[in-house]
Amino acid sequence: MSHNGGSPSTSTPSRLGFHYFPDTFHYRQSDLTTWLPELKALGASWLTLVAPIDRAIPEAFIKGLLQADIQPLLHFHLPLSHPISPSSLDVLFRAYAEWGVRYVVLFDRPNCRASWSASTWAQSDLVERFLDRFLSLAHAVLQAGLIPVFPPLEPGGDYWDTTFLRAALQSMMRRGEAQLLQTLHLSAYAWADEHPLDWGAGGPERWPEAAPYVTPPGQEDQRGFYIFDWYLAQAQAVLGKPCPIFLVAAGSRLKRPAGEADRQVDETSHANTNMAIFRLLTQSEGAESAFEPISPHVLACNFWLLAAADENHAAQAWYLADGSVLPVVIAMKQWWEKTSAIQTELPSPASARLTLDVPETPPVNSAPPLNDPSPSQDEIPSLSTAPQPDRPQVTSRPIAHYLLLPLPDIGAMDWHLDVARPFILRHRPTVGYSIEEAKLAQRVTVVGGEHIFPEELLEDLRRQGCEVMRIAGDGIDIATQLASL
C-alpha cells in the first residue's frame, strides 16, 4: 500500500474515524467480529489503536480492519523517562508495514509534566531531549516502510503546545532532517469541551493577539476543536508548507478524565456537538455551514471514545458496559445510512449534496442495548425516516417526514428538542435544520414563525411537492400545538 502524499487512499473514502479502547486488551477475533459492523454502520474509515510495545496487535485484527477499508492509526504510548532503542521495535514496525499499516504515532503528550519523570522534566532543553528520543524511532519507522506521526500534544499543556511544536519543527530543520520532514505527519487532540465548537477557527492569523499562556479578552486560542488550524499554521511558518494532520482523538466528552476540572456534559449537548463535527466531515465541498470547513490537510478525525473497560474512561465511552449506546450513536448511524442512500438514489451529484449542508443534527433519543434491536417502552425510539402507517412510502422521496427546526443560533436548540420530544415519539420524523434537506421529504412540519422561516420558503417546499404544516406562536403555543398533533 503506497503513500500518496498525505491523502487517504481510495480504500479510505471518508475522514470519519474513532478512537478504539484506550488499552491493549481488545484485539481478539471476537472483538473484531463485534466491532466491525458497528464501525461500518457509523461510516468509519479510520481507527486509533493503542499499540503495545512488547507484542504486536494480532495480524488477523489488523488485516480484518484493512479488508473492511478501515485504516488503523497505531499510537505507541512510549515512556519518556528513558530512551527506547529503535532495534527493540524494528520487528514490530516491519510486521505492521507488511500487513498493510501505514501510520505510526510515536509518544503521547511530551509537553506534559506527567509524561516525564520528575528529574527528566526539570532538566533544560526539553524539546531537544524529546527529539533525541523521537528522531531515532521516526527513522526506524521510515525504514520499515511506514509513515511517522509527530505525537499529539496536550492543548495548552505544562509546556505550551504550539510553542513546543514550533520549537520541535525548527530543531528538526537545524538538524538537517529534510527527508523526515517531507514525510512527517502531525497529530492533535481536538477537544470540543468548554468552548463553542468554532473556538479558535482560523488560527493565529485570525487571532493574532493570542499568546502562550495568555488569551486576551476578545481573542481565541488553540484549545478547542479547531486546534488543527493552529498546528498547520506552525508548520507553514517553519517549513513553508502545512503537514498532513490526524485528529487522533476528537469531539465532545461527556465527562472529563480524572485529574482535570470536573465538568459534566449532558448527552444531548454531547450528541449535538459531535454530530455537527460529523456533518462537517461529510459535507460536500462548498456546502453552506454555520461553521468553518475542516482543513483538507486533516486526514482523519477519530471521535473519542468508542468503548472502554476501565471505570475512568467508561464514563466517556459511546458504547456502554450494559450494552446500551449514547444518543449520538443512533443519530450518527441514521445520518450515515440516510446520506449513503440519498447519494445512491438521487440522479445528480448536485441533488446528492442536499443532505450535506446542515450545520447540526439534534439526536435526542436514548439508545437501545447494543445486542437488543428492540427498544423498551421506556426508551425513546430512533429518529427514523420510517413511513407513517396511514401514509405509504414514496420511493422518489427518501424522507417520509421531516421536522424542520430553527438553526441553533436563532433559537434555543435544547428547548426546541424538549418540546418536540412527544411529537418525535409519536411520529418519528427525521429532525434537522435544512430547507434543502426538507425538500427531500414527503411531509414537512415547520417549527417557527415567518421571522425564522418566511412564507416564500414554505411555498418553495410546496412547489417541490412537499406537504407542509407550520407550527408558530410563542413558546407555550408551540409546545401545545406539537403535543396535540
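This is a predicted model: local features need pLDDT of at least 70, side-chain atom pairs count only at pLDDT 80 or more; totals for chains, interfaces and linings use all residues.

User: Which residues of α16 are buried?

Analyst: L458, D460 and L461. Buried means under 20% relative accessible area, exposed over 50%, and partly exposed in between (1.4 Å probe, protein chains only). Seen down the axis of α16, the buried residues fall within an arc of 155°, so they line one face of the helix. The arc is that of the directions from the helix axis to the C-beta atoms.

User: And what sits on the face turned away from that buried side?

Analyst: The exposed residues E456 and R463 are carried there.

User: What do the buried ones pack against?

Analyst: They pack against α15 (435–438), β11 and β12. Contact here means heavy atoms within 4.5 Å.

User: What kind of unit do β11, α16 and β12 make?

Analyst: A right-handed β-α-β unit, with α16 spanning residues 455–463. A crossover is right-handed if, with the strands pointing away from the viewer, the path from the first strand over the helix to the second runs clockwise.

User: How many bridges between β11 and β12?

Analyst: There are 5 bridges, and the two strands, residues 441–447 and 467–471, pair in the parallel sense. Two strands pair if DSSP finds at least two bridges between them. R443 stands opposite E467 in β12, and V447 stands opposite I471.

User: What is the strand order in the sheet they belong to?

Analyst: The order is β10-β9-β11-β12, an open sheet of 4 strands with parallel pairing. β10 (430–432) and β12 are the edge strands, and each pairs on one side only. From one strand to the next, the twist averages 20°. α16 packs on this sheet, touching β11 and β12, and its direction makes about 155° with that of β12. Such angles run from 0 to 180 degrees between N-to-C directions, and the axes are lines fitted to C-alpha atoms, for helices over the stretch in contact.

User: Now the sheet with 8 strands. What is its order?

Analyst: β5-β4-β3-β2-β1-β8-β7-β6, also open and with parallel pairing. β5 (147–149) and β6 (186–191) stand at the edges with a single partner strand each, so one side of each has no neighbour in the sheet. The twist in this sheet averages 25° from one strand to the next.

User: How many bridges join β1 to β8?

Analyst: 3 bridges join β1 (residues 16–19) to β8 (residues 298–303), and they run parallel. F18 has F303 as its bridge partner in β8.

User: Which strands does α2 lie across?

Analyst: α2 (residues 59–67) lies across β2 (46–50) and β3 (71–76), running at about 140° to β3. Its buried residues are F61, I62, G64, L65 and L66. The cover over those buried residues includes α1 (29–41), β2, β3 and α3 (87–99). D69 follows α2 and has a positive phi near 65°.

User: Which side chains does D221 make polar contacts with?

Analyst: The side chain of D221 makes one with that of T215 at 2.7 Å and one with that of R223 at 2.6 Å. A polar contact is a pair of N or O atoms within 3.5 Å; within protein, one must be able to donate a hydrogen and the other to accept it, and residues adjacent in sequence count only if both atoms are side-chain atoms.

User: And E292, where is it?

Analyst: E292 is in the loop between α10 (267–282) and β8, and is partly exposed at 31% relative accessibility. Its side chain makes a polar contact of 2.9 Å with the side chain of R206.

Definitions and conventions:
Residues are numbered from 1 along each chain as its sequence is written. Side-chain values use heavy atoms; hydrogens and water are left out.
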